[in-house]
Amino acid sequence: MIIRWRTDVAIASKINFGLTQDALNTSKSDDSPKTEHIITIDNLKPNTKYFYGVAFGNTPLQASADNFFMTNPLVGTEQKVRIWALGDMGMGTENQKKVYQQYLKYTNREHTNLWLLMGDNAYAQGMDWEFQQRFFEYYQTDMLMKQTVLMPTPGNHDYSPTPNNYKIEDPLIAYFNIFSFPTKGEAGGVPSGSKAFYSYDYANIHFISLDSYGREGADRSMFSKDSQQMIWLEKDLKANKQKWTIVYWHHPPYTMASRNSDKEIDLKTIREGVVPILDKYKVDMVLNGHSHVYERSQMMKGHYGLAATFDQKLNSASTSTGLYDNSKDSCPYIKDSKVADNEGIIYVVNGCGAANSGSVNSLTHNAMVYSDKTNAGSMYIEIEGNRLDAKFITEDGSVKDQFTILKDVNQKQVLKLEANQNTIPLQASWTGNFNWQHDNSKNKSVQVSPTVTTKYIVQDDQKCLQDEFTVKVTSAYSLKDFNLTATKSGMAVDWLTVQEKGIVNFEIERQRQGGEFKTVVKLNSKANEQISDKVLSYRYLDNILEGNEIVNYRVKITDNEGLSYYSDVKSVSTVLKVAD
């Protein structure tokens, strides 16, 4: 975990930390005097809460109940993850304060795991003093900046101070000096070696932050096909194994508001060069800023042209709004991890973290489900297991848009209730609300005790989701007069069936002393897998030689549903030896 802070005079750096607020018994320090302090704490337990305090020697500078951090969970862990995302927020406006306070109010001030910045983080030129006055002073005195991992991306205003205002990692650009970046793959992902772009894993989510403004040279965009960023991006996406993938950068490929993706060449370049790669690797969501509005697309794929060329049938993976709020056509977006082809990406323009500049025209991009050209706001994203929920929360606290994505739901399972089982557990494939049709249970999991093969169905309240479980129950067939008789020709294995229903075959299994049961022979049912009320007799002569051995026999019965069950075990002590 990296903790950064600044002091007005040069002093030594020290962080005290521990598992409780009143026991900060471990410390990490740097004795060289400085005003820009960076302390990295290693060897921490995963998914663990640590309290910390900032100190100068034995003098506390900052320590409170809000001073804590949560270490990352193990990669792939399925747990609730809370994310705050917003762009173009560093304007120093009253709405900027309101957006932040309404986010905290909506989430009931619960801990936020990740904080994503969509660029243009400090207006108007991204100078150091602008970051201090229009970004840090708005957030640092409250809980979020003290305890939430911040992962930014740069915007065009973050590049403004440098004479060559496109040069990535220019030391004159405050953005690259103020923030720390996992350039070496410290938090997962392929190492980028660049502060301009990087990736990381958190729980079962893979995040990628890209630079949409910097240039690798006077004639090479960061989104040029042969740029280091684009080469790295494909490597990183190819290596990604997480359930969810979220990519964010500043300039949107789709917008029709204070910016126009039909007319602006940089937005067109991104749409034509980057989006096909995201489609290829099944990205789930893209977050952008730059256009000072909120816009949210359908779950879309394969659209690289102008807004007018968007085709609902060709480019949209769903006709739903995704609102999942009981309104018409509002079922959640459904995705299948096992499907090789891209099922669609949701694009969000979230560039109104401090103000909403409205639109230069009255148009709405054809791909958008919802556009807000009035309200400032931010996004709250919550991911738990196979469910993603996102909400646009405005400066007055209202939720103007929301959507839900679910993966790997609407399952159909065939389960087997073994002969020694009385009950079997069933669990819905989603997180949310539930209605089991057999008993109106509202729990995610139920226990059932069928006596015959039974189908169980669970739905959500909106009837958008449905899991089906077919529980196959072993038929209560019993073998009549199952016995063993030693004859001169061999060991006779005899039994009768009084009624057969779909039996396919019988397997005679033999177990010698100290050994395992092994199949001797497989006999087809005399009823030919049909229903028979007749008494049917079966016999098999097991070839044996003289000797002295205890032998066990049993019969395995298999029916036409693929279920198998066993007879009782019969033992025989004989002077005959079984012939292998």
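User: Which side chain makes a polar contact with the side chain of Asp 401?

Analyst: Good place to start! Bear in mind that this is a predicted model. A polar contact is read as a pair of N or O atoms within 3.5 Å. Here the partner is Tyr 294, whose side chain meets that of Asp 401 at 2.7 Å.

User: Where is Asp 401 found, and is it buried or exposed?

Analyst: Asp 401 belongs to strand S21, which covers residues 399-407. Buried means under 20% relative accessible area. Asp 401 has 3% relative accessibility, so it counts as buried. Setting aside neighbours within four places in sequence, Asp 401 is in contact with several residues, including Arg 296, Leu 323, Tyr 370 and Lys 391.

User: How many residues does the largest nonpolar core have, and which have the most contacts inside it?

Analyst: That core has 90 residues, and Leu 116, Phe 135, Leu 287 and Phe 403 have the most contacts inside it. Take Leu 287: among the residues it touches, not counting those up to four places away in sequence, are Leu 116, Ile 246, Trp 249 and Met 379.

User: What stands opposite Met 491?

Analyst: Its counterpart is Asp 542 in S34. Strand S29 (residues 490-497) is joined to S34 by seven bridges, and the two run antiparallel.

User: In what order do the strands of that open sheet come?

Analyst: The order is S28-S29-S34, with antiparallel pairing. Strands S28 (480-487) and S34 (536-542) are the edges, each pairing on one side only. From one strand to the next, the twist averages 15°.

Conventions. Residues numbered from 1 in each chain as written. Predicted model: local features only at pLDDT ≥ 70, side-chain atom pairs only at ≥ 80, totals over all residues. Heavy atoms only, no water. Pairing = 2+ DSSP bridges. Helix = DSSP H or I, 4+ residues; strand = E, 2+ residues; numbered from the N terminus. Axes fitted to C-alpha atoms, helices over the stretch in contact; angles between N-to-C directions. Core = buried A, V, L, I, M, F, W, Y, C linked by side-chain atoms within 4.5 Å. Buried < 20%, exposed > 50% of the residue type's maximum accessible area, 1.4 Å probe, protein only. Contact = heavy atoms within 4.5 Å. Polar contact = N/O pair within 3.5 Å; in protein donor to acceptor, adjacent residues only side chain to side chain.
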